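Colleague: I have a chain that I would like to go through with you. Could you bring it up, please?

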Amino acid sequence: TVKATGEMSVKDVASSAMPSLVAISTTTVEEVETFFGTTSQEVPASGTGVIVGQNDDELLIATNNHVVSGATSLSVSFIDDETVEGQIKGTDADNDLAVVAVKLSDIKDETKSQIKIAVMGNSDDLEVGDQVVAIGNALGTGQSLTSGYISAKDRTISSQDESTGETITSEGLIQTDAAINPGNSGGALLNMNGELIGINEAKYSSTQVEGMGFAIPISKAEPILQNLMNLTTRYKVSDDKAAYIGINMADVSADVSQNYGIPTGVCIMSVVDGSPAADAGFKKGDVITTFDGRSISNAKGLKETLTYYAAGETVDVTVQRADNGEYKEVTLTLTLGSAADMPQTSGSSNGTTNDGTGSSDQKEGTAETGVLTPEIKLIGLALIDVSHSLRIFGYPFGDSCDFLLSVDSPGSALFFRQDNFVP
């Protein structure tokens with residue numbers, strides 16, 4: 001049914017788009033503090049995806065990075081409720097986008113006849129007041145539809161990654177009053193021609209807020225998704241093929257990046273002598289931003305990415321390196337070492353832990369972790385807005401990595417320099 005305006009009814013938009021939508025189910029492993037110590041537990045989660053492409057061997061599905069981040073298992077359910085295993089093909093944490101691949105050989109012919117690739121629209125043509133339709137796997141109960149209008153364009157929001165606690169800032173978003181509920185993340189925002197104009201990402205959740213959902217414009221998402229679709233799909237390697245790099249690392253959070261002009265990524269705190277990283281030319285203070293074409297925004301993401309690479313593989317790693325007060329991009333060629341040859345380190349009083357893949361990361365800590373060791377020298381006091389928790393952020397300073405230590409007192413922080421950081 002086409003109206004006089006040339007637009008479809010909400011019902012027809014749903015009929016046209018539903019074959020392009022999938023439900024995504026994941027399992028992650030989280031560490032939980034109990035009376036008896038730290039234990040691991042599996043946590044199920046659900047989200048949505050949109051079929052956006054196909055190659056000779058795979059069906060390609062767009063979703064949010066936060067839907068699949070940290071997943072130890074992932075499955076995809078199609079319009080006929082047929083469920084198959086999926087693999088994370090590529091992620092872009094900075095833009096909260098990801099592509100999931102499903103082998104065509106795993107999909108039944110009957111299912112193939114009922115699904116289709118979404119039709120791309122042009123989000124640049126949107127105007128405030130345009131009617132839109134949102135479809136997603138709300139609450140993990142299956143695809144459901146809501147309808148509303150474009151409330152605003154080019155919105156910026158901040159949210160917190162529940163797994164890392166890091167603040168994520170998303171810019172240039174579409175705001176809509178179409179309900180975006182838990183499980184809708186990664187779903188479709190459609191115009192009244194049934195065309196994909198956005199990837200649903202978030203909503204404001206507050207007793208004081210009604211009808212504020214947000215989506216990534218397809219004009220912004222499409223080139224990023226295309227790059228991710230061109231990556232090689234990888235599978236986690238077995239333990240006997242596990243690789244290591246040979247660095248100690250700390251996150252450069254978005255807050256630190258914004259306040260001090262440091263690139264977001266993973267700061268190298270030190271390079272292990274004789275390690276693959278040393279052979280490749282990594283330096284203390286480098287900030288890793290991409291690994292084999294895959295964006296890296298934190299240590300957790302780097303460690304997770306490394307589990308898909310075998311010892312002996314050679315990859316290009318992009319780092320931002322300080323040079324006369326400016327950061328310049330440098331590409332290094334890294335041949336991964338075998339985890340079996342990784343130097344073994346035990347826990348120490350400097351707050352680092354070895355992750356079993358050849359890298360260590362600076363953890364959240366308390367004074368008991370020994371952060372304030374004799375090697376650390378007080379170099380200043382700054383008055384900034386900090387959270388009510390003790391956190392450590394990597395902060396490059398000259399030829400060393402300093403720490404920004406936020407104490408349990410709002411409005412203050414201490415800077416420390418540690419020149420000899422030993423795992």
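Modeller: The conversation below goes through this chain, from the whole to single residues.

Colleague: What kind of model is this, and how are the residues numbered?

Modeller: This is a predicted model, in which local features need pLDDT of at least 70, side-chain atom pairs count only at pLDDT 80 or more, and totals for chains, interfaces and linings use all residues. Residues are numbered from 1 along each chain as its sequence is written, and side-chain values use heavy atoms, with hydrogens and water left out.

Colleague: What is the mean pLDDT of the chain?

Modeller: The mean is 79, and 76% of the residues reach 70 or more; pLDDT is the predictor's confidence in each residue, from 0 to 100.

Colleague: Where does pLDDT stay under 50?

Modeller: It stays under 50 over residues 346-357, for which the model has 39 contacts beyond four places in sequence (contact means heavy atoms within 4.5 Å). Over residues 359-423 the pLDDT is also below 50, and that stretch has 172 contacts beyond near neighbours in sequence. Where pLDDT is low, the predicted coordinates should not be read in detail.

Colleague: Understood. How many helices and strands are there in the chain?

Modeller: The chain has seven helices and 27 strands. Helices (H or I, at least four residues) and strands (E, at least two) are DSSP runs, numbered from the N terminus.

Colleague: And what percentage of the residues is buried?

Modeller: Of the 423 residues, 49% are buried. Buried means under 20% relative accessible area, exposed over 50%, and partly exposed in between, with a 1.4 Å probe and protein chains only.

Colleague: Let us turn to α4. Which of its residues are buried?

Modeller: In helix α4 (residues 218-229), the buried residues are Ile218, Ala221, Ile224, Leu225, Leu228 and Met229. Seen down the axis of α4, they fall within an arc of 140°, so they line one face of the helix. The arc is that of the directions from the helix axis to the C-beta atoms.

Colleague: What covers them?

Modeller: The cover includes strands β2 (37-54), β3 (58-63), β6 (87-92), β7, β12 (196-203) and β13 (213-217).

Colleague: You mention β7. Is Val102 in that strand buried or exposed?

Modeller: Val102 lies in β7 (residues 97-103) and is buried, with a relative accessible area of 1%. Leaving aside neighbours within four places in sequence, Val102 is in contact with Asp57, Glu58, Leu59, Ile61, Val76, Val84, Glu85, Gly86 and Ile107.

Colleague: What about Ser77: which side chain does it join in a polar contact?

Modeller: The side chain of Ser77 makes a polar contact of 2.8 Å with that of Thr83. A polar contact is a pair of N or O atoms within 3.5 Å; within protein, one must be able to donate a hydrogen and the other to accept it, and residues adjacent in sequence count only if both atoms are side-chain atoms. Ser77 is placed in strand β4 (residues 71-77) and is buried, with a relative accessible area of 17%.

Colleague: Moving on to α7, which residue caps its N-terminal end?

Modeller: Asn298 does, with a side-chain oxygen 3.3 Å from the backbone nitrogen of Lys300. Six of the eight residues of α7 (residues 299-306) are buried, among them Lys303 and Glu304.

Colleague: Lastly, which strand is joined to β8?

Modeller: Three bridges join β8 to β11 (residues 188-190), and the two run antiparallel. Val133 stands opposite Leu190 in β11. In β8 (residues 131-136), five of the six residues are buried.

Terms used: Pairing = 2+ DSSP bridges.
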